[in-house]
Amino acid sequence: MTRLRLLFLAPSAVLLAVLLAAPIAIVAVSSALTRGTYGGLGLPWTIENYARLLDPLYAWILLRSAALAGAATLLCLLVGFPMALFLTRAGRRRNLCLCLVMLPFWTSFLVRTYAWMFLLRDTGLVNTVLQSVGLIRDPLPLLYNDGAVVLGLVYGYLPFMILPIYAALERLDPSLAEASADLGARPWTTVTLVLAPLAWPGILAGCLLVFIPCLGAYLTPDLLGGGKSVMVGNLVQNQFTNARDWPFGSAVSVALLALVMLLLLTLLRRRAEELL
Amino acid sequence: MSRPLALYAAGVYAFLHLPLVALGAFSFNSSRFTVWEGFSLEWYRALWRDPALAEAAWNSLHIALAATAVATVLGTLCAYGLWKRASGWFSATLYLSLVTPEIVMGISLLAFYQYLFRFLDVRLGMHTVILAHVVFCLAYVVLVVLARLRTLDPHLEEAAMDLGAGEFEAFRRVTLPLAMPGIGAAALLAFTISFDDYVITSLVAGVDSETLPMMIYAMARRGANPVVNAISSLIVFGLGALILVAERLRES
């Protein structure tokens, strides 16, 4: 039994070791090296790349990323909680309702991001409609700003918030809400004082599941933020392609990955892994 | 259910679906601009005639099929191994592959390949993309297949073995057929994730392996173009259909 199990696990173990662990190890090593003359890597070992993260220019990008990811997470929570509540009360059509939440999520992330470019650009649908109704004369600058990035992130990761909260609410005894109502609580009070505290593990899981990918987002700030709204992901990409400073790019990657893993540990500590 | 909550949900559904509906609707617009001027299939004809798009679509299909095949086989075996006895290290590594930001996974694979190329005479191309896709699809396959295996009764295999089947035979003739719907769902999921990937692909692709998402990205950056709406609509419909089939399989 154990031999077959080991035989079955071996190919995946090799694959993960060679194409996941080894590449990350290479990046970790590069982050402690010095940039060579032609953009290559060289000795001596240094921690200067990490020290540069504290440079106001880069620290600002890190803070911005955290702030944008935080804003997106908060908006997802505000939009997603009532939606999760709706799903628990959707009755017979619950599966259909759930499917309609997940369906856009599973279809092309790139296309969904492009859809917002199509809506928000100067000649996009929103501006064209507003102009033809006569509400505005000149197009509003909707695309290529932080707002567009946060909107894109919310659009992209909203289901990650809805599902864990739904799963947590679903497990609660329906009579709890009824008892609260019988005792004279208004619906709003029932939600804030009974349901939300009991669904707390789901809320926390949802917040982390949204915050983690938003923090490392690359495509959304790249397409919807234009060159103006830079997040950590873009900084990493830029260091590896245009600036050709692999050691510094590696240090940024390691810092980002460390942060993500720290957040993940919080999530797993809470035994929320079954929610994935 | 309360009426305000239902109205609210309708609003959220509109937010989730209307952007894609609008995108699709304007792919049938006869004007190049975002003003409705009448129904036309012009942009679909244009994309049909574009040889570069055809090649990119072919590359994407080739990559997604190869990556799906490898990831599904490896992931199924892996899920079976983990079903028999959990492994903290293994699960942690799989979760790591799920949460590693795409850009970080992409540049680490690029750095790894560059390092490897010093010793081997190969270049970035289809194979480097396929290997990268296998890595990020694997965890999804394992999760979906494992979820299916957990609904099975482990005693079935024991019964098969009591009746004289070997370990491998019990796996192949009892567990594997029962897990098939889950494996099918996992394969469809892996295909959609692979077909759609832009960030990692663009970093490890070579000159001969431009994919459909890479072309869409380049065209989207250049400015408004109804052809992008047309390709996007086709992708959303194609991948959407696959996902619905996968859902069916998962619930069966």
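At what angle do H5(A) and helix H10 (residues 212–222) of chain B pack, and how far apart are their axes? Keep that one in mind; we'll get to it on this tour. One thing before you start clicking: what you have open is a predicted model.

**Stop 1: all of chain B**

Chain B has 252 residues, and 45% of them are buried. Switch to cartoon view and you'll find 11 helices and zero strands. Following the chain along its sequence, the pattern reads α-α-α-α-α-α-α-α-α-α-α. Its C-alpha atoms fill a box of roughly 70 × 65 × 30 Å along the principal axes. Now think about contacts in chain B between residues with a separation of 6 or more: 79% of these join residues 24 or more positions apart.

**Stop 2: two domains in chain B**

Colour residues 1–40 of chain B one way and 52–251 another; these are domain 1 and domain 2. Their centres, taken over C-alpha atoms, are separated by 31 Å. Where the two domains touch, domain 1 of chain B supplies seven residues and domain 2 of chain B supplies six. On the domain 1 side of that contact, count three nonpolar residues, three polar and one charged.

**Stop 3: a helix pair inside chain B**

Next, select residues 51–84 of chain B, which is helix H3, together with residues 167–196, which is helix H8. The axes of H3(B) and H8(B) come within 8 Å and cross at roughly 140°. This crossing is right-handed.

**Stop 4: where the chains meet**

Bring chain A back. Here 64 residues of chain A are in contact with 67 residues of chain B. Several helices of chain A give two or more residues to this side, including H1 (2–30), H3 (56–88), H5 (109–120) and H13 (246–269). Which helix gives the most to the side of chain A that touches chain B? Select H1(A): this helix contributes 16 residues, the most of any. By class, the chain A side comes to 48 nonpolar, 12 polar and four charged residues.

**Stop 5: back to the opening question**

Now zoom in on H5(A) and H10(B). They pack at an angle of about 15°, and their axes are 11 Å apart. The two helices are therefore roughly parallel to each other, since angles under 35 degrees count as roughly parallel. Their crossing is left-handed. Show the side chains of A:Leu110, A:Tyr114 and A:Met117 on H5(A), then those of B:Pro213, B:Ile216, B:Tyr217 and B:Ala220 on H10(B), and you have the residues that meet. The tally is seven nonpolar, no polar and no charged.

**Stop 6: one residue on H5(A)**

Stay on helix H5 of chain A and click A:Arg112. Is A:Arg112 buried or exposed? A:Arg112 has 22 other C-beta atoms within 10 Å, so this residue is buried, because the cut-off for buried is 20 or more. Leaving out residues up to four places away in sequence, A:Arg112 touches A:Pro104, A:Tyr155, A:Gly156 and B:Leu20. Try the distance tool on A:Arg112 and A:Tyr155: they are 43 residues apart along the chain, but 8.2 Å separates their C-alpha atoms.

Terms used. Residues numbered from 1 in each chain as written. Chains lettered and ligands numbered in written order. Predicted model: local features only at pLDDT ≥ 70, side-chain atom pairs only at ≥ 80, totals over all residues. Axes fitted to C-alpha atoms, helices over the stretch in contact; angles between N-to-C directions. Helix = DSSP H or I, 4+ residues; strand = E, 2+ residues; numbered from the N terminus. Left-handed = near helix turned anticlockwise from the far one by under 90°. Domains from an automatic or database assignment. Nonpolar A, V, L, I, M, F, W, Y, C, P; charged D, E, K, R; others polar. Buried ≥ 20, exposed ≤ 12 C-beta atoms within 10 Å, placed from the backbone. Parallel < 35°, antiparallel > 145°, perpendicular 65-115°, else oblique.
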